[in-house]
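Student: Please select one part of the structure shown below and examine its surroundings closely. I would like a single connected account, with the cut-offs stated.

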Amino acid sequence: MQKVFERPKALSDKKMHYCPGCTHGIVHRLVAEAIDHFGLQEKTIGVAPVGCAVLAYEYFNLDFQEAAHGRAPAVATGIKRVLPESVVFTYQGDGDLASIGLAEIVHAATRGEKITVIFINNAIYGMTGGQMAPTTLPGQKTTTSPYGRDTSRVGFPIRVCELLNTLDGPAYLARVSMHDPKNVLQAGKAIKKAFQVQLEGKGFSLVEVLSSCPTNWGMTPNQALKWVEEKMVPYYPLGVFRTPEEVSSCDA
Amino acid sequence: MEKIMMKGNEALAEGAIRAGCRFFAGYPITPQNEVPEYMSRRMPEVDGVFLQAESEVSAINMVYGAGGAGCRAMTSSSSPGISLKQEGISYIACAQVPCVIVNVARGGPGLGGLTSSQADYFQATKGGGHGDYRLIVFSPGTVQEMVDLIGLAFDKADEYRNPAMILSDAIMGQMMEPVVLPEMRDLQQINKPWATTGMKNRGQNLINSLGLLPEDLVRINQELQEKYKRIEANEVRYAVEDVDDADLVLVAYGTSSRIARSAMGLARKEGKKVGLLRPITLWPFPKQPLADLAAAGKRFLVVEMSVGQMVEDVILAVNDRSKVDFFGVPNGAVPTVRQVYNRIMEIL
Amino acid sequence: MTHEIICAGFGGQGVMLIGQLIAYAGMVEGKNVSWVPSYGPEMRGGTANCSVVVSDEPVGSPVISEPNGVIAMNQPSLERFLPVVKPGGVLVYNSSLITMKETRDDLHIIAVPANELATELGNSKVSNLVALGAFLQKTNVVTADGIEKALEKVLPPHRHKLIPLNLEALRKGMALV
Ligand SMILES: Cc1ncc(C[n+]2csc(CCOP(=O)(O)OP(=O)(O)O)c2C)c(N)n1
Ligand code: SF4
């Protein structure tokens, strides 16, 4: 029988700094499991964002580069183009990817850059203390939308998968959620698939992970997961938006 | 007037509103988050605009647009974000759009850290982006000065049609001190006939930084340089304390001036004749007062929270007339009063 | 006279608040004051502190490295600040959570079982004010009246109903010294 809580090789034994109930840690684990699954530790290079996951390089037992805020897809492009046999992934929050780094992600996607992007959508800026993100829901209160996100003044949230799905470049686009064990399992499969797409040279792959930020939402971890399920999932429908026909099925 | 305790960042934001700022665009970054957060609450109350931009690049360009349209406009950030704004600031300087940029500086280079820093001095005072341009740079030394100087920054920006910067730092931004807030300013007084408001009863107004024909670019630059000369002649601000009898004059601004001041107090108790010159405008730099003190035989000790930037301007101003020593710490560290005191005692 | 005070403890123990109360009260009583929080790596580790200066003269450095008063609410804070207090200074520590391993005989050291005393008042959250009370009784930096006025300013209006409890805690701490 497989031990369930064995630490993946691609994860270090450092204690993570994430707040209690934060889902960043689970997503790290899923990414590490996917890397172990395909035996990629020796050829993977990760790119860390600026956000709560800024210290991701401490938690992954992998080579890493740390990028400026939002620029991870450009950094990943540089790595992948000079090391085409390597596996390159970025791990980015919604401020990093969908706000300051929107140009970089759209262009990496439309170039069909053969990288994998793990995109954490927690509807807020975590690291800087709870400001409005491009994914903040209408009416949601944050420290820079103290009266609730007013769509008539500041517009609407960005659905990243749907946006990128208008481009011809991406090969794999999926949205998953962390709100219960069944969905976490599903997320793990999607992340494996995304790496497989890269391994098979099919092109750009991105998995958007609906995540919680109990600290800045002012909720308990359980309330936060419920909020993901009840508020975020209806706005950000789960599913696979794009997948290459001919990717061999992985047993995940 | 009633004194209240305010955080530097919040006092600055309220000071801006009272000085007539009605457009703010920013982006989250520690340790300046209190500024946009305050503005997000306060701007709607005064019918002003608060926008969280998608990036610092966008925020500075929003300010370009709003300032060019005649509004008192401002953005704030911290060091990495200020680096991103540099392209926009260069355009703004050339197009002569008045606006205010606030840097609540933190340690660098790169992503750096959250500790206080004065390592953005070169970037602030020598242009920062491409081309021959200057910002009027103010350095607050107290929370009260956060309020006073942001008001002055808006006034001078309008007077000279030039971007102004408040160069603050993490400690100044997070510190609470008593402040007296000024009255709310009447906005109707500011007349900006150059602003792009539509060609009603006048010819075209243009906000532009292009000089494709060489002679045009020369003319633009000459105009800028003449303006900078006027600013240098009229806008130097500084404060001195106990310099008359001093053998050694400390030169420091912002947070390090506060530390230097305490060290000076300790040294004076030991009978050492130490004074302090605190530049309030970092550009234009108080060259003449320093030259005069040098001519009067004073030595200098420059104290900075960096490995030495302003010290170069002090050396230029002193111009070999006297000796200039330096005490600094690398980013990540904050100098202690004791360290500065020890350095003073080494010299005297 | 210049009081340079560091208040330190876990985030959530209200050390930032008592620092602000001292500063606000000092201002109300006509002194020059400043308050600065420390932040940086230690915040994530759970220990926070703030520097407060209350002086008859304009405040120089708002950041203090050699305090003459310390209120330490947890063990890491005590260990960090005990060695740096100026000789003759005052150190109040929360003996409910701290065991003194080493001591100094050139300081006035006051043990305050702040958590227990606060719990006696029915709310362990006011342990910070108990410690503050003991500190003020010993140092006279500001008066209890000043703290009362400061509470009205520093606490948001919806928490003003807690002012009497806070003052009770303050007095309990004062009575100890
Ligand atoms: C150029 C620049 N601007 C701003 C920042 C400040 N900053 C640090 S993390 C962050 C965003 C965090 O939000 P998100 O990307 O959603 O990730 P999370 O923390 O929620 O995981 C920002 C704006 C920075 N470091 N650099
Ligand atoms: S602030 Fe939010 S996103 Fe960041 S570690 Fe804490 S819970 Fe997670």
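Tutor: In this predicted model, a polar backbone atom of Ile124(A) is found 3.2 Å from an oxygen atom of ligand 1, a polar contact being a pair of N or O atoms within 3.5 Å. Cys52(A) places a backbone N or O atom 2.8 Å from an oxygen atom of ligand 1, and for Gly95(A) the corresponding backbone distance to a ligand 1 oxygen is 2.9 Å. Of the 580 Å² of accessible area that ligand 1 has on its own, the protein covers 97% (Shrake-Rupley method, 1.4 Å probe).

The position of ligand 1 is between chains A and B. Its shell holds 22 residues, each having a heavy atom within 4 Å of the ligand. The closest of them are Cys52(A), Asp94(A), Asp96(A) and Gly126(A), together with Glu56(B) from the other chain. Helix α4 of chain A, residues 94–100, supplies the largest share of this shell, namely three residues (helices are DSSP runs of H or I with at least four residues, and strands are runs of E with at least two). By residue class, the shell of ligand 1 comprises ten nonpolar, eight polar and four charged residues; here Tyr and Cys count as nonpolar and Gly as polar, while the charged class is Asp, Glu, Lys and Arg.

Chain B, which contributes Glu56(B) to the surroundings of ligand 1, has twelve helices and 14 strands. Taken along the principal axes, its C-alpha atoms fill a box of roughly 70 × 50 × 40 Å. Of the 348 residues in chain B, 59% are buried, that is, under 20% relative accessible area with protein chains only as cover. The accessible surface of chain B is about 13,100 Å², and carbon and sulfur atoms account for 51% of it.

As to conventions, residues are numbered from 1 along each chain, and chains are lettered from A and ligands numbered from 1 in written order. Local features require pLDDT of at least 70 and side-chain atom pairs pLDDT 80 or more, whereas totals for chains, interfaces and linings use all residues, and side-chain values use heavy atoms, without hydrogens and water.

Terms used
Polar contact = N/O pair within 3.5 Å; in protein donor to acceptor, adjacent residues only side chain to side chain. Buried < 20%, exposed > 50% of the residue type's maximum accessible area, 1.4 Å probe, protein only.
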